[in-house]
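Here is a walk through one protein chain, written for a reader who has the sequence and the 3D view open.

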Amino acid sequence: MATREMDKAFDFRTAQTRWYSVWEESKAFEAAPASGKEPWSIVIPPPNITGNLHMGHALVNTLHDVLTRFKRAQGFDALWVPGTDHAGIATQMMVERQLKAEGTDRHKLGRDAFEQRIWDWKEKNQGAIEHQLKRLGCSVDWTRNRFTLDPALNKAVRKVFVESYKAGRIYRGPRMIQWDPALQTALSDLEVKYEERKGKLWYLRYPLADGSGNVVVATTRPETMLGDTAVAVHPDDERYRGMIGKLMNHPLTGRQIPVVADAFVDPAFGTGCVKVTPAHDPNDFAAGKRLKLESITIIGFDAKMTAAAGAYAGLDRFEARKRVVADLEEQGFLVKVEDYVHKISLSDRSGAVLEPLVSEQWFMDVKEAAAKALEAVQSGAIQFTPEHHTAVWAHWLTNIQDWCISRQLVWGHRIPAWTCAKCGELHVEMEAPSACRACGAGDLIQDPDTLDTWFSSALWPFSVFGWPEETAELKRYYPTSVLITGYDILFFWVARMAMAGLTWMGDVPFRKVYFNSLVRDASGQKMSKTKGNVIDPLEVMEEYGTDALRFSLAIMAAPGTDIAMSTARLEASRNFCNKLWNASRFVQMNMGEDITLSTEPEFGEAEFWLIKRMGGVLQQVTVALEEFRFHEASDLLYHLVWDDFCATYIELAKVQLLSGTAGQKAAILHFLDILLRALHPFVPFLTEEIHEAVIVPRLPPSEPTLLAQRSWPVGEKILQLQGGDATIIPQFQEVLSALLRLKAEQGVDPAKRVPAYCSLVELEPFTEALKSIARLESVTFTKDDLASPTRTVAVVAGGAVALELAGLKDPVAEKAKLEKELAKLEKELEPLRARLADESFVTKAPEAAVAKLRGQAEEREQRLTQVKALLA
């Protein structure tokens, strides 16, 4: 294959479009069950079909892709299963908004037509999301793309529901639930968000029926007093012991209600008396059951007052509050009003203030499954990174409540339950029964409700592989190897998957869970449209390139910390990409087509140094990725490329590239090849583009031509070679750094060439490299004293360097600089000398620790001697 000359700059927009198509066509991302390779699998946290991918999606999918490409390169049969979630409430809400804008609604359309309207909307949106995943470079196996409402996944949902019902784990009944009056559906406790708001605490007087006095109760919701069926006090509260059992006249309804005793009352809250409204408060509901109190529903599912509210019937609940307070005040029952900050329950979906209501719903008892999920983490069958999430996991699973799984929605998995219209017999089956098993009638009506979205999401790790059928894919790829997800859905999704997997598969759904960070703005603020600080990943990819976005996210993804995304970070990553491009282009421009990876490489001091650096760094990168330290792996590769390969090695190898032997050039080619393979999981488009231009024409016939299909380079033979003086290049780097620092400290223009001196004569072979990088007129190597009135001097390990600055140097400043260095060294030596003088430490500490300390002390002693000599 002929070499294609690299452009002056990396055209990331063209590369991003072209390479994804090539990867797909070559089936680079498809799993290979028959390959004989060890399987490794991961499932995508299915994005909702309701909109564009946001920066959180960009992060989690970048980390998925880094890991998947890494495992694929390691030789695993790596499978990343893609898919999308139907997102019941969110999707229906968006389509209902469209209908409202058109002047209609779902009730006018009818259920079937409305459902078809959502399916049409889904087809359009799902394609957009899949396109965005491709823009991000996600190496998913598109042949296994899944949707939570696919027929096969619906079959899995029905099986779980039916069998759970028959085992007694799913039941239907009236219970207190959180009702969203805006969306007209029940919610689970996890879909409730609590917000502190400024409100009022109203104190109401309830007169005793016998005229012997009254009690005062405090409430934040005076409108619910219309449904009061008792006033409760704590049984041990001495203030009210004589009132227990007495009747009171309800201030507005005229009903008589009792004073009851129950331990749920907090004597310290308000007056120590609380009104009991069993139909509109979870605690009151439980107390009402214990005390066998009547339950009166005075607020309906439309958030308006019911007929049971008497004169207030038909009013909105908040309007009713105003009227009730006004009437209580007018009739002398309002004692006082205080400002009060309290938590209110809001819908996580619509933002509406929720109403606790007693409703006939479907519930799932998950206590047994929760105990299994708790034990799985405690035993290490599932491992968390970061580990601190295990404490929250334990608390939640230990205190878990039955899950309200029914939703009053059209969009979702329809509940497989039918009621006989004639006799009322309930049938829960996989398919619609043809006739009632009790009376034989053929008129059976399916439950109109659908299941909570998370019900199907809980089955995702095994339903995507064909369960409940016993498929070969299920056997090979379940349990999955790892789950990467945000910690904000620990209970919504992670816990439910663990419970479902252990219940239905008898094994955990994943071995490890990595909780990724949340992405915030540059100031660390949570992104929100109202704040105007949302960073759109699509815009970022268009401006900076996908590779720059991916590298920025990865290098900041430290476990347990959130990411503050900034323009500066994106620019730094783009500069990194450009640095690698420019270095690769320089290599290509000076590399004849006769030089290939089959050419026998030759090695000198610089090559042996880089072999050792690369080998060590790639071992560290491998471990970091295995342990989900993406930030550490990215940072290691960043410095290996920027500092070691570009800033040091390429500068040293320029002579070899321009006029060296074929073997010397082959060594450079090998190093670039290894770097591209190591960086590919992080910056796939950039590395694939460079690989095609520089490496592919020089590949052995046995190697795949796509970088996406090549192996992880940590085991390369070249990296196992030994040789050279390990101290030479680090000395060169220190000398170079010292010379650059001296120019900066003395205010010398970086481009101005001045003479330099160095006492490390062993570095003389690197004269041209020092002159080129530090922009020096000359470098003289000598063992003579470098001190001079016209020179500025710096101490380095084993010697010194100097710049000749006749007419530029400030003698006073130079002396001050050396005196500052002297004081610094003496301060550093003080604790080292004291430690080594401690006989107890020297005799009892590990030999390696003592040797390390001695080495540090000796190195500083040498520097101290050199500085004193320069000051003499």
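Start with helix H7 (residues 282–291), which lies across E5 and E14 and runs at about 140 degrees to E5. Contact here means heavy atoms within 4.5 Å. Axes are lines fitted to C-alpha atoms, for helices over the stretch in contact, and angles run from 0 to 180 degrees between N-to-C directions. The names of the elements come from DSSP runs, numbered from the N terminus: helices are H or I with at least four residues, and strands are E with at least two.

Some ground rules apply to everything below. The model is predicted, so local features need pLDDT of at least 70 and side-chain atom pairs count only at pLDDT 80 or more, while totals for chains, interfaces and linings use all residues. Residues are numbered from 1 along each chain as its sequence is written, and side-chain values use heavy atoms, with hydrogens and water left out.

How far does the predictor trust the model? The chain averages a pLDDT of 91, and 98% of the residues score at least 70; pLDDT is the predictor's confidence in each residue, from 0 to 100. Where pLDDT is low, the predicted coordinates should not be read in detail.

Strands of a sheet pair through backbone hydrogen bonds, either parallel or antiparallel. Two strands count as paired if DSSP finds at least two bridges between them. E5 and E14 belong to an open sheet of 4 strands in the order E6-E5-E14-E16, with antiparallel pairing. Its edge strands are strand E6 (185–187) and strand E16 (403–404), and each pairs on one side only. Strand E5 (residues 170–180) and strand E14 (residues 355–364) run antiparallel and are joined by 10 bridges. For one example, Gln178 has Pro356 in E14 as its bridge partner.

Another open sheet of 4 strands has the order E10-E11-E9-E12, and its pairing is mixed. Strand E10 (247–249) and strand E12 (273–276) stand at the edges with a single partner strand each, so one side of each is left without a neighbour in the sheet. From one strand to the next, the twist averages 35 degrees. Strand E9 (residues 230–233) and strand E11 (residues 256–261) run parallel, joined by 3 bridges. Val231 stands opposite Val259 in E11.

The next topic is empty space. Rolling a probe the size of a water molecule over the atoms shows where empty space is left. On a 1 Å grid over the protein atoms alone, a cavity is a set of points where a 1.4 Å probe fits but cannot get out, a pocket is an open set with protein on both sides within 12 Å along at least five of seven lines, and lining residues have an atom within 4 Å of a point. Grid points are joined across faces, edges and corners, and a volume is the space filled by probe spheres set on the points.

The largest pocket holds about 2,200 Å³ of space. Its lining has 48 residues, of which Asn48, His54, His57, Arg349 and Asp488 lie nearest the centre. Helix H3 gives the most to this lining, with 6 residues. By class, the lining divides into 22 nonpolar, 15 polar and 11 charged residues. Here Ala, Val, Leu, Ile, Met, Phe, Trp, Tyr, Cys and Pro count as nonpolar, Asp, Glu, Lys and Arg as charged, and the others, Gly among them, as polar.

A search of the whole structure also finds 3 cavities of 30 Å³ or more. The largest cavity has a volume of about 70 Å³, and H2 supplies the largest share of its lining, 3 residues. That lining divides into 3 nonpolar, 1 polar and 4 charged residues. The second largest cavity has a volume of about 40 Å³. Its lining has 6 nonpolar, 1 polar and no charged residues, and helix H15 (residues 537–544) gives the most, with 3 residues.

Finally, look at the backbone in two loops. The peptide bond from Thr385 to Pro386 is cis, with omega near -5 degrees, and Pro386 is found in the loop between strand E15 (383–385) and helix H10 (389–398). Lys27 has a positive phi of about 60 degrees although it is not a glycine; Lys27 lies in the loop between helix H1 (12–25) and strand E1 (39–43).
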